[in-house]
Amino acid sequence: MLNIIVTLPFLSSLLIALIYLGNTNAKRFVLYTSLGIGSLVIITTLSLMSLYDMMQGAATIHTKLFEWIHLGDFQIEVAFMADRLSIIMISFITFIGTLIHIYAAGYMKDDAGYGKFFSYFNLFMGSMLLLVLADNPIMMFVGWELVGLSSYLLIGFYHQDAANIKAANKAFMLNRVGDFGFIMGLSILFISLEGHGFSFDAIKANIALIDYQTLTLIGLLLFVGAMGKSAQIPLYVWLPDAMAGPTPVSALIHAATMVTAGVYMVARFSFLYIQIPDIGLFIASIGAFSALFAAIIASYQSDIKKILAYSTMSQLGYMFIAVGLESYSSGIFHVFTHAFFKALLFMGAGAVIIAMHHEQNIFKMGALRGELKLTYITMFIATLAISGIPPFAGFFSKDAILVTAFASGHYAIWTIGTLTAGLTAFYMFRMLFSVFHARKSKAQRVLHPLPKCMTYPLIILAIGSTFAGFVGVNGAYGGENFIAHFLQLPDISVHLSHSSEYMLALLNVSLALFGMTLAYKLYGHRAKEAQPDTLFKKVIINKFYIDALYETLFMKPLLSLSRFIATTVDMKIFDGFLNYSILFYRVLAGQFIRLQNGKVRAYALYFLLGVSAMSLFLIYKLGVNL
Amino acid sequence: MILTLLPALPFLSILLGAFVLMLLSHKKSISLESFNVTALFFLTLALFFELITFGLHSGDYLYPSIFKNFFIFDEFAAIFDVMFLIGTIFTLLVNSDYLKSRNYFSGEYFALLLFSLFGMLMLSHAHELLTAFIALEIASLSVYALVGYHKSKKVSSEAMMKYMVLGSLAGVFFILGTALIYALVGSTTLESIALYLHNAEEKDITLLVVGGSFLMVTILFKIGAVPFHSWVVDVYHGAPYPITMYMASTFKIAIFAIALRLYLVDFATINSFWLEMLQIVTILTLIGGSFLAISQTLVKRMLAGSSIVHSGYLLIGLSSIGLGSDIAAPAIMFYLIAYFLSAVGSFGILSFIASQSRRQMSYDDFKGFANRRPYMALMMTIFMLSLAGFPSTIGFLGKFYIFSAAIESGQILLAGLGIFTAFVSVYYYFKLIAMMYFYESQTDKQKSFPLNVSTLSIALIALLVIWGGIGTSLLSFIPGADGFIDLAKQAINSL
Amino acid sequence: MSADPFFLLVAILFSIGLIGVASRKNLFVVYMSIELMLSSVNLLLAILSQVLGDANASVIALLLIAVIAAEAALFLAIITHLYRENRTLDSDRFKNLSKVR
Amino acid sequence: MNYHILSSIIFLPLLMAILLGVMRAPLKVLKAGAILSSLTTLLLVVRVIIDFNPKGGMQFMQNLPWIQNAGITYSVGLDALSLVLLTLIALLMPLLYLYMLKEHRKGYWYNMLLLQTGVTGAVLSLDLILFYLFWETMLLPIFVMIGKYGNGLRQYNSMKIVLMTILGSMSMLFSILYMGYIYFETTGAWSFSLYDLATIDLSTKSSIWLTAGFLLAFAIKIPLVGFHTWMAPAYGSAPTPAVVIMSAIMAKLGVYGIWRFGYGLFGGTLHYYTPTIITLALIGLLYYAIRAITEKNLRKMFAYSSGSHLSLIALGIFLSNIYAWGGSLYFIATHALASAGMFMMIGITYNRFRSVNIEQLGGIAQKAPIFTFFFAFFALCIAGLPGTGGFVAELLIIIGAFKSSFLVGILSATTMLSAMLYIFWMLQRTLFGASHNETKIADLTLKEIAMLTPLVVLLLLTGIMPSLFIPYLEPQLLGGF
């Protein structure tokens, strides 16, 4: 079953690609749609079935497709493992993935590259499922890299515009920097456990063989991978730019699924990370810092998708706080809920964008709530969810994280998390109000009609955003924290009285409400774009100049180094050495040939000199006394 | 009586041929081709006699009652004879086109060539220093005359003048050396010298060493070793193509015939006196030759310069003999063959081109040659590769044996230098290939391959060059590289 | 009587010839220098014949004279030829061959 | 049959060339003959692969006396190492012939035939002189192809590659001769057979010098940093088939040489050079990659890319553990396939646009999607994307590097970054963006697709199921060299 789940999207992707390349101009809307969505429907059904089985208490599923490589002790199989963690992941990935596919069918309908899009999209699904279901870290890494590839392809989907490709390159490169760390971590892990097998189970069983230092190093390096993939400081800069891709892509890849791979990875290696709490704290700090940082930037952005992108980064920060503080299940819980409301937000944003004829600046929209009623309502729900207003999904998951932070005694992280929660509410509602409430900026506009397949998924997701939180209601709210029990991850146990939890929740909710009110005050009627008039604003609007910093710090030196090598090292040093040696020989030859002056008496003189030298040699050799 | 004359028949037929040609050369009515055929007839006759008497008379002397032991007949001499004869035959065949294209050739040319050949034959058999000198002079004087054969051309006369002045100067040293040796030994036969040296434990052999060194000066001069090299480039350039070819290939072999005889056998015990000197000369020759060769723009002069480098390789072999390498002497012989084939081939192509036009062939003139004459260019490439010592040609095996000998005798640095100059030589040989293939010619008309004696013999030589490089013991009925080395070893052993 | 003065004479003659070849421009003088060298060697052989009491050396000397004569024939021919062509015998003027490379 | 099979594989193209040359074959016959010979060799190689026994060590041996006086034998044989290269050659040749199907210059075809014999012979020979012969012979067609059919400063560049390569091979020749002599000194007989020479006990000092002779030749061929200045000009000037062979086969022969002869003859002494080579290889890995970033000529860019990856391969060999070895060997194959594809694509680019300058390209993706797919696919293969063979190889080498030392591990893992530095920027500027000219560009023809598809399939296969191939190599890797 797992084999089918993983391979089917790959196969359909390949099939669509072949058909597409066969004739790129042909419109085969139905064919591509049925292939692309059909395969997803099948695997969604399959994954939900397995989820059901698992909930009935079925054991972890292991399947082996074939042996990938066997060289010495390096024995890797293309094998899949569905334990409780991964089954949760694939369930919502396939579910939301299917919805977004359906949505995309509407969104991309008129695009010339429709077939290509579905090929890429299915490729992404396959890669993501491979990542999640992999039985060993190497296969996970393969999936890890392939999702990076499909993300690259999809970001650069509109390749006519060089800026999009640039964004795609940036995404892939920064992901690769992360992968660079990841592969090093994996290699060290493998070398440390050489001969003990390399499936997750085997690693878990033998984790005690590795000493603390090495383990710390491995943990750190693996997290570098997560930083790249999940857009955490300092490797986050690609995510806002990644919004260059079609909106369904942003919804699926850069919000709901791929970016959470880092969180999933940490959770998958939870057995490793519980051994090294220091690294855990580091992860949490990075998460907290990223969350705040992204929230600040988001508050000053005006591109609807970029705001969502920064909010994604911010939410990912929360997740890392959770997994860093060894509360893996609450991290995964947030991944789960976030997937619903963030996908919803993006799809809503996409709908708005389509309706507005590809206008993405929120300050050029305004007062859409009447015309896009359904979109408005669903997005409102999602915004409530992300802001952590009970009883929407986000409340429970975010609360669980903040409670953990508080309980574990890392108050600084907790403070940042709480502040960010308020800020989240502010900037999300800022966006919502600017788009749907504020006065319209232009008098006349004709909205592009939205097809049904773009709106129905919104409803489904809105339902999800509303109720998804209930799977993780913890004791304080009378639930049993079903998801945490189901996942069976090595969570830290939190000891906090119910009253403290209520207090924390109250604080969060009031902060969120405060942010919401503030947003309404500022943007509810007259939305105005932030102007870089003060230094403070300027810095924030320019995203703290991090992009420029990276440019000067890495790209420019590399380019000048490259030119330096081309013009100086290669030409002057290596070639120069050769050329000068040759020149030296030629100059010597030139001097020598000047002896060849054509005068016969000169020739006789050389003869004479030769004979004289010989005679002197003989005198010396024979020891003749003169 | 007649039977004892049998081994001398090759000599005699050449001498007879020379005289016949000389006498006939007055008749203007006889065409050049008839002369050519006549010369070839005598050469073939000599070769035939040589082959049927091959190995019959090892160690015999020619009419000891008359000549005492001035002339020896052994396999060593015989094999050199065969080389001279074949060399001359090839020289005549390859240049038949060139002869036709130049009006200054006449019957004397063939007569002189055969006289010079007669000198060489004598040289390989000479077992006495004065005989060797006279043989050398016969060969040289004829070659002097041949160099200046094109008497209306200034450079030809100039080349002859230079060669004569310097050649006579070198010749003087030979007889000076002979006189000095005679002063000590009281005889000039090689036997008695060897005998003297054999019993020379307590005697003062200074004079012998000095005399031997002077002999060596002449030999070094004739093969063009630095610092006695200065004539080579000029004379090779000034001489008509057939003569250049003849000097570079056959004449050089002749010099080594006497050099090997002297240093392998008679002076073997005192070789160590010369060793350092020889090594220094070798180093100078290798480097100086490559200096000369890379600076030239005329292909003929480049080949002249490179022939100095090849002499350097041969000298490596000679000094290896001094250090007691077993394979050095066959290596030298093999190298001579290899160089002979490649040089005859490359000069042959030059002379073929010269027979079509009257330009001096510079590198630039070869531009687009491959377009005009693809097969010629291919053969030229083969010869260049062989000269450069590229594997799968006979030139590679030649270098292989020489360097092996050098390493065997412990002259690692010399072998290294040899390999280095071989590397340098790749530059000037490949430059010619590059010129032929990589540039478009002005006239792009492809000419068909002219089927005549010259070109066919060049093609035959090209095949031999390849066969010599890859000829295997698989086909035992055709002697490959192996067969020749065996022969050379046998010849060396016969000394 | 010691033969040493004669040997010295031979050496001097030989050296004069050698230096003459290397220093004189006139081809005729060059030729004479070579002849001088050859003759000095002949003289050496003659002395040796006397010193060693062996006639062989004299025979060699005689033979050599023949060789020298042959050489002389060629030499004189080329010298006259060169003079006829160029109206000069200055050897330094004959350097056409080194003008091209 | 099996006794002669390797010789047939080696000499079939040469014999075909001679036959065609002698009968002065017209162009059509020439093409047919060349293709026929390449297909026949491919079939023979398939036969060899079928009969190949991974555990059998050296097999299909043929030993014949050649020049007995010097102890030179004609001795060929095949093990897993040579099998990889042999298969690559046999596979690439028909594809290259397909590529150059329209080529009307006869010399081109003859050179390709000669080239095939040269490289095949070098891969299979077990006698050092024989190896040297083929090693030099394969240079000749390259020399002519660059100089005659190339572009740019072709004459100068072909001279440069020849001179630099021959400098290396001359030093190797010296070492070979010296080895032969030492064997002669110890046993009294000359021999240049690899197995005979391997039995010699060398003193440390001379062994170090002799190894240097070999290593210089291989370092220039690979080329390692410092010995590389011939590379970019030669690749830039050479016509596509020659570039493919240079990058896919000849550069690998440098590595092969280290493996076969370096380890075969001087196993112990090689360690003396290990730090040096590893340093050079690590420098090369980054040096070439950084150099490639600003390179505007696609051929030269991928020349540097080739250099970068070959440095990694060389690194893997000197790390001497099974993962790195396996990785290197695997990389030899996969990089050959990928770079062959890449250079063919660049050749096709040149045919379409008359330029390989990045600045003059751009916007191809809009006009030629199939072209774009293949181009991007090979570029990504070179970047080592999972699912393609290059990834497997790089992964193995990185693991091997970490096994040997942490520092080397980190530095070699930068291969993950190095290729991407230039590849993605290059893709951005060549394939995507707005197109510079409005001319209509034909997409790939069926012929071109047919010649590229085998490479794509193989690259995917090597990436997805390495277990199909590794078993052929593993026994030998485990056995060491």
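**Entry 1: chain pairs**

I am working from a predicted model. I began by asking which pair of chains has the most contacts. Five pairs of chains touch, and the pair A and D leads them in contacts. I then checked chain C against chain D and found no contact joining them. Their closest C-alpha atoms are 22 Å apart. The cut-off for a contact is 7 Å between C-beta atoms.

**Entry 2: chain D against chain A**

I looked up both sides of this pair. Chain D puts 43 residues in contact with 44 residues of chain A. I then listed the helices of chain D that supply at least two residues each to its side. Among them are α12 (270–293), α14 (322–353), α17 (389–404) and α21 (470–479). α19(D) has the largest share, seven residues. Sorted by class, this side of chain D holds 30 nonpolar, 10 polar and three charged residues.

**Entry 3: chain A against chain C**

Here I found nine residues of chain A in contact with 12 residues of chain C. The chain A side consists of four nonpolar, three polar and two charged residues.

**Entry 4: domains of chain A**

I next looked at how chain A is divided. Domain 1 takes in 1–177 + 194–269, domain 2 covers 279–541, and domain 3 covers 553–622. I took the centres of domains 1 and 2 of chain A over C-alpha atoms and got a separation of 24 Å. In chain A, 39 residues of domain 1 are in contact with 44 residues of domain 2. Which helix gives the most to the domain 1 side? In chain A, α3(A) does, with 12 residues. Other helices of chain A that supply at least two residues to this side include α8 (212–229) and α10 (247–256). The domain 1 side of chain A that touches domain 2 divides into 27 nonpolar, 10 polar and two charged residues.

**Entry 5: D:Pro94**

I ended on one residue. D:Pro94 lies in helix α3 (residues 80–99) of chain D. Is D:Pro94 buried, exposed or partly exposed? I count D:Pro94 as partly exposed because 19 other C-beta atoms lie within 10 Å, and buried would take 20 or more. Leaving out residues up to four places away in sequence, D:Pro94 touches D:Ile35, D:Ser38, D:Leu39 and D:Leu42. I also checked D:Met246, 152 residues from D:Pro94 along the chain. The C-alpha atoms of D:Pro94 and D:Met246 are 16 Å apart.

Methods. Residues are numbered from 1 along each chain as its sequence is written. Chains are lettered from A and ligands numbered from 1 in the order in which they are written. This is a predicted model: local features need pLDDT of at least 70, side-chain atom pairs count only at pLDDT 80 or more; totals for chains, interfaces and linings use all residues. Two residues are in contact if their C-beta atoms, placed from the backbone, lie within 7 Å. Helices (H or I, at least four residues) and strands (E, at least two) are DSSP runs, numbered from the N terminus. A residue is buried if 20 or more other C-beta atoms lie within 10 Å of its own, exposed if 12 or fewer, and partly exposed in between; C-beta atoms are placed from the backbone. Ala, Val, Leu, Ile, Met, Phe, Trp, Tyr, Cys and Pro count as nonpolar, Asp, Glu, Lys and Arg as charged, and the others, Gly among them, as polar. Domain bounds come from an automatic or database domain assignment.
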